[in-house]
Amino acid sequence: MKISTTKQLSAYLKNVRLDSHLSQTDVAKKVGVRQDTVSNFELRAGTTKLDTFFKLLSALELDFEITPRNSLNNDDKSDWKEEW
């Protein structure tokens with residue numbers, strides 16, 4: 001699945017949660033956040049802290065993967081060179 005916006009991201013995670021028959025409270029309890037934090041993510045993902053996003057991924061047993069845009073071969077795992 002390709003996700004390019006925070007709205008798509010929150011909708012996808014909400015669908016995963018619902019498909020898993022989990023309430024917002026269930027997800028929140030799994031990772032130690034409040035139910036309204038999960039609700040806020042689903043409504044306004046762009047305002048969510050990155051740390052919270054990764055907690056929600058963990059609760060839903062999802063991984064996060066970044067791939068280059070417009071790449072002919074997205075499976076190319078060339079070495080990342082840190083440039084700061």
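Mentor: Buried means a relative accessible area under 20%, exposed means over 50%, and partly exposed lies in between (1.4 Å probe, protein chains only). By that rule, both R17 and E42 are buried. This is a predicted model, in which local features need pLDDT of at least 70 and side-chain atom pairs count only at pLDDT 80 or more, while totals for chains, interfaces and linings use all residues. Residues are numbered from 1 along each chain as its sequence is written, and side-chain values use heavy atoms, with hydrogens and water left out.

Trainee: How many helices and strands are there in the protein?

Mentor: There are four helices and zero strands, giving the pattern α-α-α-α along the sequence. Helices and strands are DSSP runs numbered from the N terminus (helices: H or I, at least four residues; strands: E, at least two). Of the 84 residues in the protein, 26% are buried.

Trainee: Why is the meeting of the R17 and E42 side chains called a salt bridge?

Mentor: The term requires a side-chain nitrogen of Lys or Arg within 4 Å of a carboxyl oxygen of Asp or Glu. For R17 and E42 the N to O distance is 2.6 Å, which is within that limit. R17 lies in helix 1 and E42 in helix 3, 25 residues apart, and the pair links these distant parts of the chain.

Trainee: How many salt bridges does a search of the whole structure find?

Mentor: The search finds three. One of them joins D36 to R34, with the closest N and O atoms 2.6 Å apart. D36 has a relative accessible area of 27%, so it is partly exposed, while R34, at 57%, counts as exposed. Another joins the side chains of D51 and K55 at 3.6 Å, N to O.

Trainee: What separates D51 and K55 in helix 4?

Mentor: They are four residues apart in helix 4, so about one helical turn separates them. K55, at 30% relative accessibility, is partly exposed.

Trainee: Which residues of helix 4 are buried, and how do you know what part of the helix they line?

Mentor: In helix 4 (residues 50–59), the buried residues are T52, F53, L56, L57 and A59. Seen down the helix axis, they fall within an arc of 160 degrees, so they line one face of the helix. The arc is taken from the directions from the helix axis to the C-beta atoms. On the other side of helix 4, L50 and D51 are exposed.

Trainee: What covers the buried residues of helix 4?

Mentor: The cover includes helix 1 (6–19), helix 2 (24–31) and helix 3 (35–43). Such contact means heavy atoms within 4.5 Å.

Trainee: Which residues of helix 3 are buried?

Mentor: They are V38, S39, F41 and E42. Their arc, seen down the axis of helix 3, is within 160 degrees, so they line one face of that helix. These residues pack against helix 1, helix 2 and helix 4.

Trainee: What makes F53 a buried residue?

Mentor: The relative accessible area of F53 is 7%, and the limit for buried is under 20%. F54, in contrast, has 40%, so it is partly exposed.

Trainee: How many aromatic pairs does the structure hold, and why is the pair of F53 and F54 given its type?

Mentor: The structure holds four aromatic pairs. The ring centres of F53 and F54 are 5.2 Å apart and their planes are at 65 degrees, so the pair is edge-to-face. Rings of Phe, Tyr and Trp (its six-membered ring) pair if their centres lie within 6.5 Å; planes under 30 degrees apart are stacked, over 60 edge-to-face, and the rest tilted.

Trainee: What type of pair do F53 and F64 form?

Mentor: F53 and F64 are also edge-to-face, at 5.4 Å centre to centre and 90 degrees between the planes. F53 lies in helix 4 and F64 in the segment after helix 4, so the pair ties together parts eleven residues apart in sequence. Ring pairs link F41, F53, F54 and F64 into a cluster.

Trainee: Is F64 buried, partly exposed or exposed?

Mentor: F64 has 47% relative accessibility, so it counts as partly exposed.
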